[in-house]
Amino acid sequence: MSYLLIGNISALICQDCVEPLVNARIRVYLPAVSAASEQPIGIFNDMKPLSAREVLMKADRLLAEATLDDKGNFSLRWKEVHLFTEALELDLCLDELPGKNGTRQSRNFHLSKLVLHWKRNADGYVGAYAYVIPAVTWHNIYANAGAWVITGVVKPHFAASGQPHLKVEAYNAVTGQLIGQAHTNEAGRYTLHFSRQHLSNGVMQSLIPGRRATGPDVYFKIYRNNELLWAEDESMARLPGRQDLRPCSNVNIIYRSSRVKRASEQLGSWLADVITLTGQKRKKSDKYRLLTHSLL
């Protein structure tokens, strides 16, 4: 007999966007024998940090470990060495953040201690577990790692839905340097990652007085099939929500296609030509009437 645990772990960037924990590792432990080390059962612990020593002390109780895929899903299997009514401990390790972002180091967190609901089948027991890291906790993890994530929907002016298959580039208004790029999904949403090293390019960046953090002031460019579709003016980086960007930010982008502008210019030129030609015809007609009147 064996146990199979499947599930998903993600994090809230903002209230309407969830980020899967790509390449994070989940561990399942047998419960500690010592009563002094017991945690409350059946609750989440909001990603309680674990020191390297605490992780080492639990090594002999490890049942299984797995790496999360690009959607935050995981699958764990182990032999039957405990009762299905026993509580298990679940921990998470973030060696690096999604997008291989931020400083690479071991970051260990305790997720929960709980009695899972197991379903019996021919091979053993099957259970499920899912957890979404709160936005505040995820923001703090990004901040400590010196990393940023921006998400949002890209759509044309006056359009109700987002546009898929567009490339989004984000620029630092202070240096004018590209800091990251991403593509929109079928719903028009992009998710862009960058870290502190993308802001300075190895040069120490001076702090601006009155700023609460070290985030960049950002503006964007939009491409379709590698053709520039729309470019923001750098002054947009001075708008609220664009200055001193928070580690986890939601920035929706509404663009006006340059093709519309070119079409408007062509229409304007056409109207000007029509007016000119009309004026010339009127002048010729006036001259003809004057000539006719003089002959009479």
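Strands, as the word is used here, are DSSP runs of E covering at least two residues, and they are numbered from the N terminus. The model is a predicted one.

**Stop 1: confidence**

Begin by colouring the protein by pLDDT. The mean is 82, and 77% of the residues reach 70 or more. Next, select residues 202-207, where pLDDT stays under 50 and the model has four contacts beyond four places in sequence. Then select residues 260-268: pLDDT stays under 50 here as well, and the model has one contact beyond four places in sequence for this stretch. Where pLDDT is low, the predicted coordinates should not be read in detail.

**Stop 2: S249 in strand β17**

Select residues 248-250, which form strand β17, and find S249 within this strand. Is S249 buried or exposed? S249 counts as buried because its relative accessibility is 8%, and the cut-off for buried is under 20%. Display the side chain of S249: one of its polar atoms lies 2.8 Å from the backbone oxygen of R246. Leaving aside neighbours within four places in sequence, the residues in contact with S249 are I13, V149, I150 and T151.

**Stop 3: C14 in strand β1**

Move to C14, which has its place in strand β1, residues 2-14. With a relative accessible area of 13%, C14 is buried. Which residues does C14 touch, not counting those up to four places away in sequence? They are T151 and N250. C14 and H139 are 125 residues apart along the chain, yet their C-alpha atoms are separated by 9.3 Å.

**Stop 4: the β1-β2 hairpin**

Together, β1 and β2 form a hairpin with two residues between them. The two strands run antiparallel and are joined by four bridges. To see the pairing, show L12, which stands opposite V18 in β2. In a regular strand the side chains alternate between the two faces of the sheet.

**Stop 5: the nonpolar cores**

Show the side chains of L5, L21, W78, L94 and W138. Of the 40 residues in the largest nonpolar core, these five touch the most other members. Strand β1 supplies the largest share of this core, six residues. In soluble globular proteins, nonpolar side chains tend to be buried together.

Centre the view on W138. Not counting residues up to four places away in sequence, W138 touches A11, L12, I13, E19, L21, L94, L97, P98, I133 and C248. A second, separate core has 21 residues, including I150, L192, F220 and L229.

**Stop 6: the four-stranded sheet**

Finally, select the open sheet of four strands, whose order is β13-β12-β15-β16 and whose pairing is antiparallel. Which are the edge strands? They are β13 (178-183) and β16 (227-231), each of which pairs on one side only. From one strand to the next, the twist averages 25°.

Key:
Residues numbered from 1 in each chain as written. Predicted model: local features only at pLDDT ≥ 70, side-chain atom pairs only at ≥ 80, totals over all residues. Heavy atoms only, no water. Buried < 20%, exposed > 50% of the residue type's maximum accessible area, 1.4 Å probe, protein only. Contact = heavy atoms within 4.5 Å. Pairing = 2+ DSSP bridges. Core = buried A, V, L, I, M, F, W, Y, C linked by side-chain atoms within 4.5 Å. pLDDT = per-residue confidence, 0-100. Axes fitted to C-alpha atoms, helices over the stretch in contact; angles between N-to-C directions. Polar contact = N/O pair within 3.5 Å; in protein donor to acceptor, adjacent residues only side chain to side chain.
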